Amino acid sequence: MSSGGGELYGRGVEQERLDGLLGDAVGGRSGVLVMRGDPGIGKTALLDYAAERARGTYGMRVVRATGIETEAEIPFASLHLLLSPVLDRIAALPVRQADALRGAFGLHADGGDDRLLTGLATLSLLAELAAERPVLCVVDDAHWLDHASAQALLFAARRLAAEGVVLLLGARLGHGFNPPGLPSLRLAALDGASAGRLLDRSAPDLPRAVRGRVVAECAGNPLALRELPARIGELASEEAPVPLPRRLEDAYAARVTGLSVIARRALLVAAAEGSGDLAVIERVAGRAPLQEAERARLVWLRGVTGRLEFGHPLMRSAILHTAAYGELVQVHSELADALTSDPDRQAWHRALAATGPDDETAEALARAAVRAHAQGGHAGTSAALARAAALTTDPALKARRFVDAAQAAADAGLPERARALTREAGPAIGEPHTRARLYALRARAAFDEGEPGQAHDLLVRGADTLDGGPEAGMLLVDAARNAWQLGDPERLRGCADRLTALARTPADGLGPAVAAVQGAAVFLEQGPARAVPVMRPLVAHGRAEVTAPRALRINAAFVAGLIGDFEAGREIAADVADQCRAQGDLGWLPLAHLPLAASELYLGRFRASAATATEGLRLAADTGQPHRGGYLHGMLAWLAAVRGDLDEARRRAAHCHDHYDSTGIVNSLAWAGWALALADLGRGDAAGALQRLASAQAGPARRQIQSVYAAPDWIEAAARTGDPTQEPLARFASWAEAAGQVWADAVLHRCRALVEDDWGRAHALFTAAVRLHADSGRPWEAARTRLLFGERLRRERHKTEARAHLRSAAEAFERLGGRPWAERARAELRATGDPGTSGEATSALDALSPQELQIVRLAATGMTNKEIGARLFLSPKTVGYHLYRAFPKLGVASRAQLAGLDLAEI
């Protein structure tokens, strides 16, 4: 790989790719690359190459850090190391972002508890630096990043676009660092010719007789080609090959044996300290021994990062692995004594020095966990509490600490660690509240594994361990939520009955949640119409009580969708989403996006719905909530069906089916079936649509609200095929009459007109439907009614009257992006003898991506790029980039002209 002079062998392709990223950054485009490979394969050498080129050739600012194994449990340790040279620029960030970053780094008392807001602040800070000159951000050994730092950096990485920032991450294979959605490059072994050239450079005196053996043993690993020739005698004597990383560690250990005793101990201190903090290392080991190690080219003092650096991470591993246990314990103890000004690191070194239970050290770690939680470092909180629990002697306190550690691991998005910790806690728990929490955690893990039924049962068991009270009530509400997602009326009724029997007071705040569970039970058992009177007060409460808990208001937004009050659902969900953005509570946003996107869809705001659903999918991935994705994919499938994009509809529907197969959650399945039936109907396959809808109604999704809202499509398909069934009409009619929504009355009139043979009565019903639609706020349904009315008018030879309705329908479908439906209306119009609309008109908005659409909508309100970026979790430069791309699509030259556009549709 790299010779002593810094030349790279056999990496021309990789160098070209890095130079391309750096060149793009100078041109204002950002880029990300994760380089992964085996130890010694050349990741660090390529990162060094990029840093040198960035500084020298491209004039870029370089910020750099290395993940540290011993600090992998200290929240934001790596991010602080990376950004410490530029922390003076934090004041330029939006206030909440600046506070989040300061809190994460412990720079003020009120730490942040949202690691994603810290990620947004990281993005903004890098963009702020890049406003002066392009930035290269280098992170080596990314597999050792603490969890909080990794989440913040990856959140920023997925949003880099037009800032002029390059983020390079180097990680070792086999350590679980393989972030999805980011460009990656796996470094391969050097080819034979390059390996030979490097060996000639690193070991020019190597006997030809053994040269081939060395090349074969090194297997194209650059570090091995530099380090192993010195041990050629041992290589020749080994009968069986030893794994290469082990060989490299042995080679480094052999180099260390040539040092004095005090120099070897100084290296052990440096390896155990981990962060390269020279002041601490020198306090324990002294300066002179470290200088001896530096002369031997094993470490560099004040290296690229301004700290002690080992020549290679494997060198540090070799020193730790070859140390005697007692010596390592002593070193950690001395490091703890030296870290009087850093209580968190001190606590960890005390823990590493502990050889048995130690309540004093356990208490110090528990205090470190409190500080980690205040900084938003849930993984660090979990690690500190787990180690504290292991050192605790009191059984009850040990159990509580294990449960607290499991809770923090679950909050960090580490379900496997959470499950392991619940197993540690289980045998020791006797106290009911702690045991109930344990059941809740196991339920959360079960849900994450795609087992909502098991999650429901665990939550009920947890509630049963308690003697009533609000805690038991909330567990039962959560259990009911799982039963609802499964479409399981028996489980849901059990929760409703338990909640009804539970002793409650007005002060516990459970009233609306209990009412929601009771309404949901009625919905699944007796049907949507019977549930409407129970659910309507919940929507009014959610709309009026703007300070109510978020979970209850989001639930009210969902319920609004069940009773057809989409304006209320949109109002509540949008308000909750705005609150989440303003307060930096990003973890709630994916959930708020579900009813928000659905309400926008039902209201005919299709572009807004697609933008909301797309953002919701991205936020669900960022926040570790993959099960939100099925619902959002279902809505995007439905919207694709409206557009006539059959491939997209099928792809999204396949996601929904996979989601159902892995979880049993039926709502996404309901969306998928409806979407594909709508696609069939849009392309004229009424029989196919009828078959899909009948199949859905016979399947597990039959109790979902989509069975009501898809009934008019069933009625239309049946009318086109001559199917005489009346059940879908009865189903929709009973619900519409209970809901009392104007739009539902209009659609009901349309459906009755479709099955009416008498033309006079049909005409009256269609006319009433059109009149009601004028006040309904649902342009999609209004256009569908006018299309069907126009088709019937043409068949009854009332061509002049038909033209007015068909022309109105075609124009509405075109505005909504419903191309197949617009074409159908135009075809009917041509059949009336009106050829004037043969050309397909499209909205300029159709050319915008969902993200461009959101940005244009916000820019039109007068928001600045910085304000838009803070709202959408983008850098201001990326906002400007998207506006620059959107302007020509919209035919405008400046943001001032956006105010003149008709953006009501979005």
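Is Asp457 buried, exposed or partly exposed, and at what relative accessibility? Asp457 comes out as partly exposed, because its relative accessibility is 35%; buried means under 20% relative accessible area, exposed over 50%, and partly exposed in between, with a 1.4 Å probe and protein chains only.

A quick note before the views: this is a predicted model, where local features need pLDDT of at least 70, side-chain atom pairs count only at pLDDT 80 or more, and totals for chains, interfaces and linings use all residues. Residues are numbered from 1 along each chain as its sequence is written, and side-chain values use heavy atoms, with hydrogens and water left out.

**View 1. Asp457 in helix H23.** Asp457 has its place in helix H23 (residues 452-464). Helices here are DSSP runs of H or I with at least four residues, strands are runs of E with at least two, and both are numbered from the N terminus. Take Val138 as a reference point: Asp457 is 319 residues from Val138 in sequence and 47 Å from Val138 in space, C-alpha to C-alpha.

**View 2. The open sheet of 5 strands.** Read across, the order is E2-E3-E4-E1-E5, and the pairing is parallel. Two strands count as paired if DSSP finds at least two bridges between them. Strand E2 (61-66) and strand E5 (184-186) sit at the edges with a single partner strand each, so one side of each has no neighbour in the sheet. On average, neighbouring strands are turned by 15° against each other, direction ignored. Helix H1 (residues 12-26) packs on this sheet and touches E1, E3, E4 and E5, and its direction makes about 150° with that of E4. For those angles, axes are lines fitted to C-alpha atoms (for helices, over the stretch in contact), and values run from 0 to 180 degrees between N-to-C directions. Contact means heavy atoms within 4.5 Å.

**View 3. Strand E4 and its two partners.** E4 (residues 165-172) is mostly covered, with 8 of its 8 residues buried. Val165, Leu167, Leu169 and Ala171 point one way, while Val166, Leu168, Gly170 and Arg172 point the other way, and all are buried. Strand E1 (residues 31-37) runs parallel to E4 and is joined to E4 by 7 bridges; look for Met35, whose bridge partner in E4 is Gly170. Strand E3 (residues 135-140) also runs parallel to E4, this time with 5 bridges. Along that pairing, Cys137 has Leu167 as its bridge partner, Val138 has Leu168, and Val139 stands opposite Leu169.

View 4. E2 pairs with E3 in the parallel sense over 6 bridges, and Arg61 has Val135 in E3 as its bridge partner. Follow the chain on and E3, helix H6 (residues 147-157) and E4 make a right-handed β-α-β unit. Right-handed here means that, with the strands pointing away from the viewer, the path from the first strand over the helix to the second runs clockwise.

View 5. H20 (residues 395-411) and H21 (residues 415-425) pack at an angle of about 170°, with their axes 8 Å apart. The contact residues divide into 10 nonpolar, 1 polar and 2 charged. Ala, Val, Leu, Ile, Met, Phe, Trp, Tyr, Cys and Pro count as nonpolar, Asp, Glu, Lys and Arg as charged, and the others, Gly among them, as polar. Ser382, in helix H19 (residues 378-391), is buried at 0% relative accessibility. Neighbours within four places in sequence aside, Ser382 is in contact with Ala405, Ala408, Ala409, Arg417 and Leu421.

**View 6. Glu828 in helix H43.** Glu828 lies in H43 (residues 819-831) and counts as buried at 14% relative accessibility. Not counting residues up to four places away in sequence, Glu828 touches Glu791, Arg794 and Leu806.
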